Amino acid sequence: QITEPGYYEDGKFGIRLETIVTVVEKNLPRNFDGPYLGLEPVTFVPFEPKLICAELLSTKQKNWLNNYNALVRDKIGAELHERDNTEAYEWMMARTGPVVVTKPCKLLAGSSAASVNTPRTSFLTNYVLIPVTILLMNLISF
């Protein structure tokens, strides 16, 4: 299975976040008439942090992304160390640090999360990049 949330402008551009996932049985506190199924990633590629506005993510979404980043570091980091690929390891580590809100999002052209709907913010950022990233996080954590 592949999750491919994306947005496309005909003849102009497209953005797609693609993750290969597998269907797994989920162990839930209340199974009722279960079992229930969910998705888990198979590929572990970092999301570009410059395209994520952490101040717009919920605590649950930040936790999911931090857990995903830790998995990327564990699984991919070990392989890169084994192959002695320092350059790739450093690239991966730079993109998988903890998600924290330290300053207003650069993507929002000087605005803060409180003023996301002002004319100063771009359509691409507010209506494409951020929602697509959040959608992907929700799909994978289901």
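Phe 32 is exposed in this predicted model, with a relative accessible area of 67%. The residue lies in the loop between β4 (19-26) and β5 (36-41). Together with Leu 28 and Tyr 36, Phe 32 makes a nonpolar surface patch of about 320 Å².

**Nonpolar core**
- The largest nonpolar core comprises twelve residues, among them Phe 44, Phe 47, Trp 64, Tyr 68, Met 92 and Val 99.
- Helix α1 (residues 59-82) gives the most to this core, contributing five residues.

**Aromatic pairs**
- The count of aromatic pairs comes to four.
- Phe 47 and Trp 64 form a tilted pair, because their ring centres are 6.2 Å apart and their planes stand at 50°.
- This pair links distant parts of the chain, 17 residues apart: Phe 47 belongs to the loop between β5 and α1, and Trp 64 to helix α1.
- Trp 64 and Tyr 68 have ring centres 5.2 Å apart and planes at 10°, so this pair is stacked.
- Trp 64 and Tyr 68 are separated by about one helical turn, because they stand four residues apart in helix α1.
- Trp 64 is buried at a relative accessible area of 14%, and Tyr 68 is buried at 3%.
- Ring pairs join Phe 44, Phe 47, Trp 64 and Tyr 68 into a cluster.

**A buried asparagine**
- Asn 69 is found in helix α1 and is buried, with a relative accessible area of 4%.
- Beyond its neighbours within four places in sequence, Asn 69 is in contact with Arg 95, Thr 96, Gly 97 and Val 99.

Key:
Residues numbered from 1 in each chain as written. Predicted model: local features only at pLDDT ≥ 70, side-chain atom pairs only at ≥ 80, totals over all residues. Heavy atoms only, no water. Patch = residues over 30% accessible without salt bridge, like charges linked within 9 Å, V, L, I, M, F, W, Y side chains within 5 Å. Areas by Shrake-Rupley, 256 points an atom, 1.4 Å probe, with all protein chains shown as cover. Salt bridge = Lys/Arg side-chain N within 4 Å of Asp/Glu carboxyl O. Helix = DSSP H or I, 4+ residues; strand = E, 2+ residues; numbered from the N terminus. Buried < 20%, exposed > 50% of the residue type's maximum accessible area, 1.4 Å probe, protein only. Core = buried A, V, L, I, M, F, W, Y, C linked by side-chain atoms within 4.5 Å. Contact = heavy atoms within 4.5 Å. Phe/Tyr/Trp six-rings, centres within 6.5 Å; stacked < 30°, edge-to-face > 60°.
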